[in-house]
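Subject: Structure to look at

Hi,

Here is the structure I said I would pass on. Please open it first, then read my notes beside it.

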Amino acid sequence: MYPKIFWGALFKALRESNDLSQRELADLLHTSRQEISNLERGRKHPTPELVHAFSNIYDINLMDYIEQCIPKNYKDEQLSFKKKMRSKARKKSGCFLTKNKTTVFFYQWKR
């Protein structure tokens, strides 16, 4: 299981670096000041929509932050599993290229 990501420190640092009050940020996000306060204190976890909104407002890629929070052994384990699944997919099923030029591998399980 992944460790929980503490978004509060990041959200507060971004808000303060852009000279926004909690009230101003809440107005931008169509939420309450208390919601922003709870996020910054870690009392609440942001929804995916809120993470996306923060990414757009501050024009940053939050995936970089997420990747920094994931321990290396988890990344290594995922990479190993991904390689294993790709080799199985090549042998037993196939792959195709999507519109945005990413390769999607699929695997058909035997019944």
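Just after α1, Asp19 takes a positive phi of about 50°. Another positive phi comes after α3, at Gly42, near 85°. Keep in mind that this is a predicted model.

**The overall layout**

The protein has six helices and two strands. Along the sequence, the pattern reads α-α-α-α-α-α-β-β. There are 111 residues, and 27% of them count as buried. Now take the contacts between residues at least 6 apart in sequence. Of these, 48% join residues at least 24 apart.

**Helix α1**

Which residues of α1 are buried? Helix α1 spans residues 8-17, and its buried residues are Gly8, Leu10, Phe11, Leu14 and Arg15. They cover an arc of only 170° around the axis, so they sit on the same side of α1. As a general rule, an α-helix has 3.6 residues a turn, so residues three or four places apart point the same way.

What do these buried residues pack against? Their partners are α2 (22-29), α3 (33-41), α4 (48-58) and α5 (62-69).

**Arg15, a charged residue inside**

Arg15 belongs to helix α1. Is Arg15 buried or exposed? Its relative accessible area is 8%, and the cut-off for buried is under 20%, so Arg15 is buried. Leave aside its neighbours within four places in sequence. Arg15 then touches Leu20, Ser21, Gln22, Leu25, Glu40 and Tyr58. Look at Tyr58 in that list. Arg15 and Tyr58 are 43 residues apart in sequence, yet their C-alpha atoms are 8.7 Å apart in space.

**The nonpolar core**

In soluble globular proteins, nonpolar side chains tend to be buried together. Here, the largest nonpolar core has 17 residues. Trp7, Leu25 and Phe54 have the most contacts inside it. Helices α1, α2, α3, α4 and α5 each supply at least two residues of this core. Helix α4 gives the most, with four residues.

Leu25 deserves a click. What does Leu25 contact, beyond its neighbours within four places in sequence? The list is Arg15, Leu20, Ile36, Phe54, Ile57 and Tyr58.

Two packed helices are described by the angle between their axes and the distance between the axes.

Start with α2 and α3. Their axes come within 8 Å and cross at roughly 110°. That makes α2 roughly perpendicular to α3. On the α2 side, the contact uses Gln22, Arg23, Leu25, Ala26 and Leu29. On the α3 side, it uses Arg33, Ile36, Ser37 and Glu40. The residues of this contact divide into four nonpolar, two polar and three charged.

Next, α2 and α4. They pack at an angle of about 110°, with their axes 11 Å apart. That makes α2 roughly perpendicular to α4. Leu25, Leu28 and Leu29 of α2 meet Leu50, Ala53, Phe54, Ile57 and Tyr58 of α4. What kinds of residue make the contact of α2 with α4? Eight are nonpolar, none polar and none charged.

**Helix α3**

In α3, the buried residues are Glu35, Ile36, Ser37, Leu39 and Glu40. These pack against α1, α2 and α4.

Best wishes

Conventions: Residues numbered from 1 in each chain as written. Predicted model: local features only at pLDDT ≥ 70, side-chain atom pairs only at ≥ 80, totals over all residues. Heavy atoms only, no water. Buried < 20%, exposed > 50% of the residue type's maximum accessible area, 1.4 Å probe, protein only. Arc of directions from axis to C-beta. Contact = heavy atoms within 4.5 Å. Core = buried A, V, L, I, M, F, W, Y, C linked by side-chain atoms within 4.5 Å. Axes fitted to C-alpha atoms, helices over the stretch in contact; angles between N-to-C directions. Parallel < 35°, antiparallel > 145°, perpendicular 65-115°, else oblique. Nonpolar A, V, L, I, M, F, W, Y, C, P; charged D, E, K, R; others polar.
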